[in-house]
Every structure is written in C-alpha cells, then in structure tokens.
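Please look over the sequence and the model before reading on.

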Amino acid sequence: MTIATTVKTEYEAIIGLETHCQLSTNTKIFSNSSTAFGADPNTNIDPVCMGLPGVLPVLNEKVLEYAVKAGLALNCQIARYSKFDRKQYFYPDLPKNYQISQYDLPIAEHGWLEIELVDAEGNPTRKRIGITRLHMEEDAGKLVHAGSDRLSGSSYSLVDYNRAGVPLVEIVSEPDLRSGLEAAEYAEELRRIVRYLGVSDGNMQEGSLRCDVNISVRPVGRKEFGTKVEIKNMNSFSAIQRAIDYEIERQIAAIEAGDRIIQETRLWEEGAQRTSSMRVKEGSSDYRYFPEPDLAPIEVTDGELEKWRSELPELPAQKRHHYESELGLSAYDARVLTEDRSIAEYFETAIASGANPKAAANWITQDIAAHLNKQKLSITEIGLTPTNLADIITRIETGKISNAQAKEKLPDLLTGISPEKAFAGQELITDPNVLEPIVDEVIAANPKELEKYRNGNTNLKGFFVGQVLKKTGKRADPKLTNELVEKKLNA
C-alpha cells in the first residue's frame with residue numbers, strides 16, 4: 001500500500017526598494033524658492049515650481065554635486081552625459097501636470113552598498129545589495145485630506161505646494177533583498193551614507209527619506225520572478241520590516257489558496273498592521289516620457305568628478321571594517337559608533353588623543369549615550385571633549401582614579417569641567433601602608449559582621465570593602481582594598 005505525502009512548498013521573497021531622498025540644498029532644484037521644512041502652506045513657491053506660462057527652469061548646481069557624490073558613495077558609474085525628461089501624470093499636487101525627472105540617461109548607475117546584520121551572539125553577516133540607478137528629479141506638492149482619518153472618507157482636500165520643486169534623488173535597488181530585516185537595514189544604511197555625505201538629513205518624519213517597496217514571492221529554486229506588488233506609506237524602518245513581513249505572508253497565502261497576485265500599489269496601514277489595495281500599478285509607458293525641452297543636457301567633467309570624489313568622507317561600512325579588524329571592537333560597538341558621523345569623529349579624536357579604543361567605545365556607547373538620549377542632545381552639544389575623555393580613561397588605566405569615581409563625576413564632566421578640576425584631591429590611595437591601618441580600623445569597628453563572616457557568610461566581604469571606600473571618600477584603590485580586606489578577614 002502506498003501512502004501519498006504532500007510536500008509543502010517553500011517560498012522566497014524577492015524585494016527591491018525605490019528610495020526618494022530629499023537633498024539638503026537651500027533652494028529648489030530649478031528655482032530660488034526656499035526648501036525649509038515647516039513653513040506656512042504655499043509660502044515657499046514661485047512661478048517656476050508652479051509651472052506658470054513663460055518661465056524656464058535652471059538646474060541648481062548644488063543638486064548635481066550632491067547627486068554625483070551620492071552616486072560615488074554608492075559605488076555607481078557616474079554618467080559623463082545625462083539629461084532630464086518629462087514624466088507625465090495628472091494629480092492635484094503636481095501643478096505643471098508633469099514632473100521633471102530622469103529616465104533613460106540617469107546621472108548614476110550600476111552601484112552597490114553593503115549591509116551588515118548582527119545576530120544575537122554578536123556575529124556580523126555582510127551582504128552587497130546592488131544599486132540599479134540613481135537619478136535626479138523634483139518633488140511634488142502635498143495633499144492634506146480633511147474630515148476623516150482615511151482618504152476614502154475625507155470630505156475635502158487641501159494642497160500645499162511648498163514641497164513642489166524640492167530636489168530629490170531616487171535610488172533604485174536591485175531585487176537582491178530577501179527579508180523585511182534586510183530591507184530595513186538597507187534603508188538604514190542608505191540613510192547613514194547620505195547623512196555622512198551631508199547631502200540629506202534623511203529625516204523620515206519630515207519626508208526627507210521615503211521608501212517604496214517592490215515585493216514578490218516565488219517557490220525556492222524557480223528563476224522566474226512572481227508578480228510584483230508595490231507598498232507605499234511607510235514612515236519608519238520598523239514599518240518597512242513589518243509591511244514586508246506581512247506582505248510575504250499575504251502573497252504566499254493567496255498563492256496557496258489558488259488566487260492570482262495582481263500587479264498593484266498597496267498602502268501600509270500602521271494602525272491595522274496590514275497592507276491594503278490602492279490602485280493598479282502603472283507602467284512606464286503610462287507616463288509618456290520625453291526629453292525635457294527646457295533644460296540642456298548635463299555633462300560632468302573629469303575635474304568636477306575628481307574634485308567631488310576627493311571630498312567624500314570615510315563611509316560607515318569602511319569605518320565598521322576598520323573598527324572591527326584594526327581596533328578589535330565588536331560588531332555591535334562598531335555599528336553604534338558609526339551610526340552617526342559626529343559620534344564616529346568624537347570616538348576617533350579620543351583615540352588619537354591616547355584613549356584605549358575599547359574603553360572609549362564603552363564610555364561613548366553606554367554612559368555618554370545614556371546622557372544624550374535622556375537630554376535629547378547630540379554628541380556635539382556636550383561639554384566633555386574627546387580629548388578630556390581620553391584623559392579620564394588614561395587616569396583610570398594608570399590607577400590615578402577609579403572607574404566608579406569617573407562615573408560619579410560624569411555629570412560635572414559633561415558640562416565642561418576639566419578632569420584636573422573634577423578630580424582635584426581625588427587621586428586613589430594605592431599605598432598599602434596607608435590603606436592597611438584603615439582596613440584594620442574598619443574590621444575592628446564591626447565585630448558582629450566579622451564573626452558572621454568567619455562563620456561562613458563570606459558575602460560580607462563586600463560590606464567591609466564598602467566601609468573602607470566610604471571612610472576614604474571612595475579614594476581607596478578598589479583592587480588593593482579587596483586584597484587587603486580578604487587577607488585581614490581570613491587571617
């Protein structure tokens with residue numbers, strides 16, 4: 001008798017991200033209106049970004065510089081010749097009824113960035129994610145739907161054109177991502193890079209970084225991609241991960257039930273923690289691209305390219321490799337220290353001033369980070385300089401002060417008080433001939449505790465050590481104090 005068995009199909013997700021990144025220029029991509037966030041509606045506008053008759057756009061030179069630098073940082077090939085195109089679509093927040101973008105000749109192509117995932121044991125796994133293209137374009141305005149918390153129930157809509165004409169680069173990844181976790185880390189690394197470059201603040205809450213996800217699933221081993229679905233409306237990295245994880249399960253369940261996945265755009269509903277259908281996805285032919293007639297083609301010279309390349313900083317992935325392989329830091333510490341360029345520079349200055357790398361990493365990622373989070377400050381806003389941090393670490397390692405003393409004085413040090421002033425008269429007592437009589441005095445003053453200790457309650461050693469530290473104003477060398485106390489108690 002033969003018993004039939006059903007083999008469960010395993011699926012894998014194929015994920016790519018389209019990321020719109022607002023460039024940190026003072027003015028718009030084709031006009032002189034301000035790009036400042038938070039202005040009153042429809043105050044940062046002009047005839048060019050409003051598409052009034054008879055006006056001509058002029059490319060902001062800083063936009064080109066920032067786009068090329070971003071392309072270089074993403075290991076892209078920079079096009080020496082590129083152009084702008086008109087992308088036709090009709091929407092209330094697009095005053096011209098077309099968007100100036102780049103289509104077949106983008107400014108940068110064929111790049112990659114490296115993501116690093118750290119497991120629970122602290123082991124890093126690195127993966128290269130391909131970058132298909134990076135191109136420049138202008139942003140559209142913003143619609144505000146009123147009368148309901150959902151678009152479908154709103155009674156009227158308002159339009160704010162302040163964002164129209166704000167410069168963007170769109171960065172399109174290869175479909176190399178396989179999970180929500182990988183996609184979230186890719187988006188975070190992209191933000192780290194643009195922040196290091198200074199070309200964008202990457203603030204997702206203000207819309208400076210916006211990610212759309214393209215996702216499909218297929219049985220493991222199949223080469224052909226499944227039907228692609230796009231997800232919009234994600235305003236955090238955790239939302240990207242949760243939306244993808246939900247959509248993977250939704251598509252697998254639909255396929256298993258015999259339903260057909262359609263190519264569409266879906267929205268992520270944060271409250272319901274689900275995706276919902278928005279519209280059937282347009283193809284590129286629907287946009288009717290053609291070369292922008294009012295802008296000349298772009299040519300990047302050898303001199304410009306080399307100048308901009310020379311101005312690139314060391315990027316997060318390079319720093320992580322350096323910190324782990326040359327300074328011996330853990331993958332976790334390296335990741336925390338490289339999250340923000342100012343923190344990495346603070347750490348490196350402390351190292352250059354003589355601080356032990358591991359000790360400096362511990363102080364920055366733990367005690368100083370706790371203060372920054374509590375006070376909502378950046379590391380550039382504290383009074384403790386990296387040179388003074390190095391001084392404190394050296395004092396601890398040479399036995400002049402204890403770690404406990406340094407932590408106790410940290411609030412004063414963070415305000416800018418120098419280590420010399422903070423630790424004046426606080427040097428550790430490291431002479432056994434000075435400490436031994438104090439230990440004897442403490443033991444003699446506590447006969448009951450001494451008897452309990454000698455009857456087996458060895459935990460009381462900590463009590464005697466604490467009394468010695470208290471009597472010396474915490475100036476007793478902790479290691480020496482422990483040795484002397486143990487010796488006397490066991491005599």
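How many nonpolar, polar and charged residues are in the lining of the second largest pocket? The model is predicted, and in it this lining has 7 nonpolar, 4 polar and 4 charged residues.

**Second largest pocket**
- The space in this pocket comes to about 370 Å³.
- Its lining is made of 15 residues, and Glu339, Asp340, Ile343, Leu372 and Asn373 are the ones nearest the centre.
- Helices α2 (180-197), α7 (341-352) and α8 (357-375) each contribute at least two lining residues.
- The most comes from α8, which supplies 5 residues.

**Open sheet**
- An open sheet of 9 strands runs in the order β2-β6-β7-β10-β1-β11-β12-β13-β14, with mixed pairing.
- Strands β6 (residues 108-118) and β7 (residues 124-138) are antiparallel and joined by 10 bridges; Gly111 has Ile131 in β7 as its bridge partner.
- Helix α1 (residues 61-73) packs on the sheet and touches β2, β6, β7 and β10 (167-173), its direction making about 160° with that of β7.
- Helix α2 also packs on the sheet, where it touches β1 (11-22), β6, β7, β10 and β11 (209-219); its direction makes about 115° with that of β6.

**Strands β4 and β5**
- Strand β4 (residues 85-88) runs antiparallel to β5, and 4 bridges join the two.
- Asp85 has Ser101 in β5 as its bridge partner.
- In a regular strand, side chains alternate between the two faces of the sheet.
- In β5 (residues 98-101), Tyr98 and Ile100 point one way and Gln99 and Ser101 the other, and all are buried.

How values were computed: Residues are numbered from 1 along each chain as its sequence is written. This is a predicted model: local features need pLDDT of at least 70, side-chain atom pairs count only at pLDDT 80 or more; totals for chains, interfaces and linings use all residues. Side-chain values use heavy atoms; hydrogens and water are left out. On a 1 Å grid over the protein atoms alone, a cavity is a set of points where a 1.4 Å probe fits but cannot get out, and a pocket is an open set with protein on both sides within 12 Å along at least five of seven lines; lining residues have an atom within 4 Å of a point. Grid points are joined across faces, edges and corners, and a volume is the space filled by probe spheres set on the points. Ala, Val, Leu, Ile, Met, Phe, Trp, Tyr, Cys and Pro count as nonpolar, Asp, Glu, Lys and Arg as charged, and the others, Gly among them, as polar. Buried means under 20% relative accessible area, exposed over 50%, partly exposed in between (1.4 Å probe, protein chains only). Two strands pair if DSSP finds at least two bridges between them. Contact means heavy atoms within 4.5 Å. Axes are lines fitted to C-alpha atoms, for helices over the stretch in contact, and angles run from 0 to 180 degrees between N-to-C directions.
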